[in-house]
Amino acid sequence: MIKPLPPASDLAHTVYTQLREAVIGGQLAPGLRLGQEELAARFGISRQPVLQALAHLERDGLAIRADGRGTLQVAPLDPQLVAEFYQLRAEVDALAARLAARRVAAGAAPPLPAALVERGLAALRRGHMQALIAADTRLHHAIYDASGNRLLASVMQPQWGHLERVMCAVSEPASARAGLWDEHMAIVAAINAGDDERAAALSREHAERAAAGLIPRLRDTPRA
């Protein structure tokens with residue numbers, strides 16, 4: 001999981017990326033202490049890049065202060081925070097899909113490629129959870145990009161870490177995961193058809209349905 005890094009690397013960014021992936025994937029469990037000295041020793045580097053990486057992790061909400069001395073620990077998976085994320089996501093995704101459909105209809109943006117859905121369906125067939133999560137994230141960010149609103153992706157980027165953590169931590173029935181990709185196909189089809197109102201409605205419903213399936217399971221997950 002954590003490997004020594006070559007001196008030429010952008011160390012702080014590389015450390016942050018590895019720690020973020022480990023938190024999201026559950027290899028670094030909620031509540032685990034993130035000691036600067038220990039992490040620096042494990043990475044084989046000085047403390048400064050680790051300090052910068054941990055500060056970035058805290059800004060993302062993936063690490064929190066554990067005590068009065070400023071020690072960080074992996075943030076808990078907070079069902080209320082996840083519910084709030086989905087409330088935000090439902091509205092942002094609806095806006096992004098509406099704008100994307102209008103831009104496709106006007107010829108200002110190309111239709112969304114079929115590969116966005118095909119990657120997810122391939123991961124679903126293989127039962128490859130990490131690839132499935134990556135495909136899900138890639139599809140929604142492609143819609144943000146297609147919207148033409150440059151703020152949407154930057155606003156949502158740090159929030160997706162919380163969603164990805166939930167998707168890794170919560171076991172969903174295969175039928176539920178397949179249903180979400182049926183919804184993805186319908187959203188992409190509406191955007192590519194230039195049907196802005198349908199695209200927006202489907203996107204909002206998609207986020208609300210995902211929340212309804214994930215959040216109760218998250219509340220029942222031990223040590224969330």
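Which residues have the most contacts inside the largest nonpolar core? They are Tyr86, Leu112, Ile143, Tyr144 and Ile191, within a core of 47 residues. A nonpolar core is here a set of buried Ala, Val, Leu, Ile, Met, Phe, Trp, Tyr and Cys residues joined through side-chain atoms within 4.5 Å; buried means under 20% relative accessible area with a 1.4 Å probe, protein chains only.

The model is predicted: local features need pLDDT of at least 70, side-chain atom pairs count only at pLDDT 80 or more, and totals for chains, interfaces and linings use all residues. Residues are numbered from 1 along each chain as its sequence is written, and side-chain values use heavy atoms, with hydrogens and water left out.

H4 gives the largest share, eleven residues. A second, separate core has 20 residues, including Leu28, Leu39, Val50 and Leu54.

Contacts (heavy atoms within 4.5 Å) of Tyr144, leaving aside residues up to four places away in sequence, are with Val92, Asp93, Ala96, Asn149, Leu152, Ala153, Met156 and Trp160. Ser203, located in helix H10, counts as buried because its relative accessibility is 4%.

**Pocket and cavities**

On a 1 Å grid over the protein atoms alone, a cavity is a set of points where a 1.4 Å probe fits but cannot get out, whereas a pocket is an open set with protein on both sides within 12 Å along at least five of seven lines; lining residues have an atom within 4 Å of a point. A volume is the space filled by probe spheres set on the points.

| Space | Volume | Lining residues by class |
|---|---|---|
| Largest pocket | about 230 Å³ | four nonpolar, four polar, three charged |
| Largest cavity | about 80 Å³ | six nonpolar, one polar, three charged |

Among the residues lining the largest pocket are Arg20, Glu21, Gln130, Thr137, Glu164 and Cys168. Helix H1 (11-25), H6 and H8 each give two or more residues to this lining. Domain 1 (10-74) and domain 2 (79-220) each contribute at least three, the bounds coming from an automatic or database domain assignment.

Four cavities of 30 Å³ or more are present. Ten residues line the largest cavity, and Tyr86, Asp136, Met167, Leu180 and Ala210 lie nearest its centre. H10 supplies the largest share of that lining, three residues.

How values were computed:
Buried means under 20% relative accessible area, exposed over 50%, partly exposed in between (1.4 Å probe, protein chains only). Helices (H or I, at least four residues) and strands (E, at least two) are DSSP runs, numbered from the N terminus. Ala, Val, Leu, Ile, Met, Phe, Trp, Tyr, Cys and Pro count as nonpolar, Asp, Glu, Lys and Arg as charged, and the others, Gly among them, as polar.
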